[in-house]
Amino acid sequence: MIEEIESVGSISRAELDARDRPLRIIGGARAMRAVARWGPGDLAGRIGDVEIAFKLSANGKHPNFHAPTLAEAFARGRGTVREFLALITGGPREERARYLFTGDEQFLVKRRNGITETSPHLAALLEDLEVPAQISPDRLYTIWAWFSGPGVRTWTHYDNNACHNLNAQITGTKTCLLFEPRQLARLAPFPLGGANPAYNCSQLDADTLPPEIPRITTRLEPGDLLFIPAWWLHAFHHLGDFNSNVNWWWKPAVPVENPVSRRQQLIDLVTAAGVKPSPGSAEAILLGKLDAAAIAD
């Protein structure tokens, strides 16, 4: 039930736009200056004094859904970029996996309703990057950066922004598991109306998934690009001593319709209506039933 990802050396914008399955573009980001430049010393020298938040996990899984409380599952730390880099590059490997910085804490660029906003704190990183040619600039949605040490694992989830994703491996190495949207029910996302608000995350640990759930695997080396189509679920294992990635999210030319997108429409409607029932209440039970029906679709 394990399939190796399709890999190519190059692909056009039109060809990628037409795809509905993941793809590794070998060396697709190799020409970006960041691949040769980014390292702990370089980043500390240029943005080391910037204050950031970062993720904390007792076991290196982010979020840590094995934690006894939601506060521990979604724990955050604060410090300068220099202090964060010291945490992920020094000490025992298992300790270094406890820390993770993503665009969730601070984006690089976001574009909403025709207005582009750039992070003033991390703007220097954009000097080393370029929007991949496969992305239509007018559909660009968000750019994130990720920094981590060895051993970090991101929990299986889907991106709830309805966007395609190009993930550039700048430094280090990662492996990735990818699951097509029709596997959503088998991956058992946290239910709408339940205590855990991470509705886009699976309740199952990727390390102990039932082997009968089909998945695609890949390994990313510095300079590679990974295409994740909108609504595909995925989980990463960070292997390098120092890992850095950049994500470009952009809207598909035509909205993608599948079980995950339909389920997210329900979540968005409930959120827009301001419905926040207490777990176990009649309203929460009703939402859970609606969610289960959407997932089973």
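Is the crossing of H8 and H9 left-handed or right-handed? The points below take up this helix pair and one other.

1. A word on the model: it is predicted, local features need pLDDT of at least 70, side-chain atom pairs count only at pLDDT 80 or more, and totals for chains, interfaces and linings use all residues. Residues are numbered from 1 along each chain as its sequence is written, and side-chain values use heavy atoms, with hydrogens and water left out.

2. Helix H8 covers residues 259-272 and helix H9 residues 282-296; they pack at an angle of about 160 degrees, their axes 8 Å apart. (Helices are DSSP runs of H or I with at least four residues, numbered from the N terminus; axes are lines fitted to C-alpha atoms over the stretch in contact, and angles run from 0 to 180 degrees between N-to-C directions.) H8 is therefore roughly antiparallel to H9 (an angle over 145 degrees).

3. On the H8 side, Pro259, Arg263, Leu266 and Val270 make the contact, meeting Leu287, Leu290, Asp291, Ala294 and Ile295 of H9 (contact means heavy atoms within 4.5 Å).

4. Now look at helix H3 (residues 40-47) and helix H5 (residues 81-89), which pack at about 165 degrees with axes 9 Å apart. That angle makes H3 roughly antiparallel to H5. Here the crossing is left-handed. H3 contributes Pro40, Leu43, Ala44 and Ile47 to the contact, and H5 contributes Val81, Arg82, Leu85 and Thr89.

Terms used. Helices (H or I, at least four residues) and strands (E, at least two) are DSSP runs, numbered from the N terminus. Angles under 35 degrees count as roughly parallel, over 145 as roughly antiparallel, 65 to 115 as roughly perpendicular and the rest as oblique. A crossing is left-handed if the near helix is turned anticlockwise from the far one by less than a right angle, and right-handed if clockwise.
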